[in-house]
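Subject: Structure handover

Hi,

Here is the structure for you to look over. My notes on it follow below.

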Amino acid sequence: MKKLIKFAIIIGAIAAAARLVESKKAEWEGLTEAQVRGKLDERLPDRVPEEKRAMVADKVVAKMRSRGKLVEAADPDDDETAEEGSED
C-alpha cells in the first residue's frame, strides 16, 4: 500500500511538472521577434555582456522561427492599404 501511495505521488509530481513546462512554453508562443528579444533582455542578468545577450537572443529567435512559434509583426498601415486597394 505504501508503494502505491509513493507511486501516485511520483506520478502526480511528474504530471504537475509537465503542466508547468507546457505553460512556460505557451507564454513564449505567438510572440513577435521584438517581444521575444524584450523578454530575453528582462530575464538575462545584467552581468551577461551585451554581445552575449544579443547572440543568445539571435539563437533563440532563429530556433523559434524554424519551429514556427514566432508571428510576424503586423504593420497597421498594411491593413489600411489592403482595404483601400480592394475598393477600386
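The protein has four helices and zero strands. From the N terminus on, the order of elements is α-α-α-α. Please keep in mind that this is a predicted model. The protein has 88 residues, and buried residues make up 14% of them.

Pocket

I looked at the largest pocket. About 270 Å³ of space lies in it. Its lining consists of K24, K25, W28, E29, L40, V60, K63, M64, R67 and K69. Two helices, α1 (2–28) and α3 (50–66), each supply at least two residues of that lining. What classes do the lining residues of the largest pocket fall into? Six are charged, four are nonpolar and no residue is polar.

Surface patch

There is a nonpolar patch on the surface. M1, L4, I5, F7, I9, I10, I11 and I14 form the patch. Together these residues have about 890 Å² of accessible area. M1 lies in the segment before α1. M1 has a relative accessible area of 76%, so it is exposed; the cut-off for exposed is over 50%.

Salt bridges

How many salt bridges does a search of the whole structure find? It finds nine. A few of them are worth a look.

Start with E33 and R37. They form a salt bridge, and their closest N and O atoms are 3.0 Å apart. Both residues lie in helix α2 (residues 33–43). They are four residues apart, about one turn of the helix.

Next is R53. Its side chain meets that of E50 in a salt bridge, at 2.9 Å from N to O. R53 and E50 are separated by about one helical turn, because they are three residues apart in helix α3. The side chain of R53 also meets that of D46 in a salt bridge, here at 3.8 Å from N to O. E50 is exposed, with a relative accessible area of 52%. D46 counts as exposed too, at 70% relative accessibility.

A contact across the chain

Last, take a look at L70. It is found in the loop between α3 and α4 (76–87). L70 counts as buried, because its relative accessibility of 12% is under the 20% cut-off. Which residue does L70 approach from 40 residues away along the chain? That residue is G30. The C-alpha atoms of L70 and G30 are separated by 5.3 Å.

Best wishes

Terms used: Residues numbered from 1 in each chain as written. Predicted model: local features only at pLDDT ≥ 70, side-chain atom pairs only at ≥ 80, totals over all residues. Heavy atoms only, no water. 1 Å grid on protein atoms, 1.4 Å probe; cavity = no way out; pocket = protein on both sides within 12 Å on 5 of 7 lines; lining within 4 Å. Points joined across faces, edges and corners; volume = space filled by probe spheres on them. Nonpolar A, V, L, I, M, F, W, Y, C, P; charged D, E, K, R; others polar. Patch = residues over 30% accessible without salt bridge, like charges linked within 9 Å, V, L, I, M, F, W, Y side chains within 5 Å. Areas by Shrake-Rupley, 256 points an atom, 1.4 Å probe, with all protein chains shown as cover. Salt bridge = Lys/Arg side-chain N within 4 Å of Asp/Glu carboxyl O. Buried < 20%, exposed > 50% of the residue type's maximum accessible area, 1.4 Å probe, protein only.
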